[in-house]
Each structure stands twice: as C-alpha cells, then as structure tokens.
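Welcome! Here is a short tour of the aromatic rings and the nonpolar cores of this structure.

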Amino acid sequence: MDLQLNGKVAVVTGGSKGIGLGIVRALIDEGAKVVNVNRSAEDGQRLQQEYAAEGKVCRFVQADLTSVDRCREAVQCALDEFGRIDILVNNAGVNDGVGIDDGPGAFLNSLQKNLIHYYAMVHYAADALRAHKGCIINIGSKVCDTGQGGTSGYAASKGAINGLTREWAVDLAPQGVRVNAVLPAETWTPLYERCLAAMPDPVGARQDIERLIPLGQRFTTIEEMAAMVVFLASPRSSHTTGQIIYVDGGYTHLDRKCTASSVSNFGSAET
Ligand code: NAP
C-alpha cells in the first residue's frame with residue numbers, strides 16, 4: 001500500500017531514541033522529510049548524516065522541549081527550511097516518578113517534561129498544519145488508564161494528552177486536520193532498559209512483565225509502534241480523528257485472568 005507520504009514534512013519530538021527513532025525511520029522509509037527535535041545531540045547528528053549520505057532528510061534540531069521558546073524555535077526552524085509542516089508527532093517524555101510526596105514544584109517540572117511541550121508544539125505549528133490539512137499524533141501511555149503508583153506528574157500528563165487529543169480533534173476538524181493518539185504499554189526502548197537495569201534482577205523482571213503481555217508474551221517493538229503512527233499520518237487514514245489507539249499486544253484491556261500464562265486455561269475445564 002502506498003501511504004502517500006512522499007515529500008511530506010514531519011516534525012517528530014524525541015526522535016533520536018526508542019519509539020521516536022522507530023517513527024523517524026518509518027516516516028523516512030515512506031518518503032517523508034523529517035525534522036527530529038531532541039535534547040541530546042549525538043544520536044540526532046549521526047542520524048542526520050546517515051540519511052544525508054542516502055540523499056534523505058532527517059534534519060536534527062537540538063532542543064530541550066521543557067523550554068517553550070525552544071519549542072517555538074524548533075517549529076520555526078522546520079518552516080524556514082521546508083516551508084510547511086504536514087505531520088507533527090509529539091513523542092518526547094519520561095516516566096519520572098514524581099509522586100504525591102514530591103510536592104507541587106516537582107509536579108510542575110514533570111508536567112514541563114511530559115505535557116506542556118505537547119501543547120506548545122501544537123500551538124506553534126497549528127497554522128502550518130491548518131494550511132495543508134496536516135495531522136497530529138500524540139504518543140501517550142497506558143498509565144493514564146491503569147495508574148502505576150508513585151508517578152503523579154506522568155500519569156496526569158498522559159491523562160491530559162488523551163483529553164487534548166479529543167479537544168484538538170474537535171478544534172481542528174473544520175480545517176481538515178486530524179488528531180489521534182497512540183498508546184504504548186510495554187515497548188522495548190532505552191528508557192525501558194534503564195528502568196529494568198535499576199532493579200535487582202533485570203532479566204527476571206523482564207520475564208515477569210513479558211508473561212503478562214497477552215499477544216506473544218513479548219514487548220511491543222518500536223517498529224510496531226511506528227507502523228501505527230505512519231498509518232495515522234497517512235491520507236490512508238483520512239477519516240480517522242480523535243482516536244486513542246493502543247498498540248500493546250492487548251496488555252491494557254484484556255482480562256489478565258484469561259491471558260496470563262499461569263491461568264491461561266481459565267474457563268476451559270469441563271464440569
Ligand atoms: P526513550 O527511549 O527515553 O526516548 C525518548 C527520546 O525523547 C530520547 O531521545 C530523549 O532524548 C527525548 N527526550 C525526552 N525528553 C526530552 C526533552 N525534554 N526535550 C527533547 N527531547 C527529549 O523513551 P521511549 O520509551 O521511546 O518513550 C517515548 C514516548 O513513549 C514517551 O512519551 C513515553 O512516555 C511513551 N511511552 C513509552 C513506553 C515504553 O514502554 N517504552 C510506555 C508508555 C509510554 P535524550 O537522548 O536527551 O534522552
């Protein structure tokens with residue numbers, strides 16, 4: 001299927017690693033020009049060079065998105081260089097473990113890391129998206145539904161991202177701009193690897209989590225996340241907006257009693 005993304009301009013936040021990197025690679029594979037806005041520089045610069053050598057565009061913009069000025073500059077940079085933005089993927093974020101006892105200052109900082117830049121990027125890119133009937137894809141998290149404990153700032157941000165996805169879908173429908181969210185649950189990324197590495201038995205912890213993932217008892221890959229994102233970015237999903245889509249192997253919604261391997265025969269016994 002031709003996803004009709006050839007020549008489209010996509011801005012991806014946090015595109016140097018993990019899910020964002022998967023999205024950047026998939027968009028470029030489909031012919032899009034990508035602007036990758038990322039805090040650390042090394043991986044982003046390497047990606048830019050790697051793709052330039054193939055005649056492809058992965059323009060790196062170094063920015064810490066916790067600064068709204070840097071968000072504005074990143075959008076302006078994309079417009080100065082390419083003259084348009086067709087796709088905005090809000091992806092950068094971190095599960096920073098700011099809980100009830102950490103206080104309002106830490107909570108606000110967590111919102112800066114996980115939420116405010118989603119709004120700022122949309123605010124600064126909105127006119128450009130309206131001009132070409134563009135689209136927005138927000139990367140959320142299952143934590144907005146399940147809770148996790150000890151991570152109030154992240155949970156609040158991810159809940160708000162779902163709300164804003166529907167709010168912006170309503171706002172921008174008259175101009176033909178589609179807005180959707182893609183929610184991971186357990187996707188194998190450097191962030192996840194770091195979290196498990198901090199545990200006493202990282203290998204055992206990984207196996208324990210995998211046993212709970214109904215489809216295949218394995219983590220979602222960054223390529224599986226990216227495949228949904230490029231579809232939503234494509235005119236092939238031209239009548240899909242305001243949707244919150246879980247790419248999680250059934251982790252968030254399916255009945256653990258029936259899907260966890262230790263009780264997977266639940267209900268099958270003859271009486
Ligand atoms: P990751 O492996 O840590 O990659 C995140 C990327 O975003 C990194 O390149 C990071 O840059 C960049 N970034 C983070 N904060 C930034 C900031 N303030 N300014 C600029 N760049 C920033 O994370 P991931 O697992 O791919 O997560 C991506 C998204 O998926 C996040 O929104 C996360 O909440 C969500 N998510 C992931 C999972 C999962 O299982 N992995 C589950 C639920 C939700 P640096 O190189 O500077 O660190």
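Ring pairs join W188, Y192 and F219 into a cluster; rings of Phe, Tyr and Trp (its six-membered ring) pair if their centres lie within 6.5 Å, with planes under 30 degrees apart counted as stacked, over 60 as edge-to-face and the rest as tilted. The model is predicted, so local features need pLDDT of at least 70 and side-chain atom pairs count only at pLDDT 80 or more, while totals for chains, interfaces and linings use all residues. Residues are numbered from 1 along each chain as its sequence is written, and side-chain values use heavy atoms, leaving out hydrogens and water.

**Aromatic rings**
- By this rule there are three aromatic pairs.
- W188 and F219 form an edge-to-face pair, because their ring centres are 5.0 Å apart and their planes stand at 75°.
- W188 is partly exposed at 25% relative accessibility, whereas F219 is buried at 3% (buried means under 20% relative accessible area, exposed over 50%, partly exposed in between, with a 1.4 Å probe and protein chains only).

**Charges over rings**
- The charged end of R206 sits over the ring of W188, 3.8 Å from its centre (NZ of Lys or CZ of Arg within 6 Å of the ring centre and within 35 degrees of the ring normal).
- R256 lies over the face of Y251, 4.3 Å from the ring centre.

**Nonpolar cores**
- The largest nonpolar core has 61 residues, of which I23, L27, I87 and I137 touch the most other members (a core is a set of buried Ala, Val, Leu, Ile, Met, Phe, Trp, Tyr and Cys residues joined through side-chain atoms within 4.5 Å).
- Another core lies apart from it, with eight residues including Y192, A205, I213 and F219.
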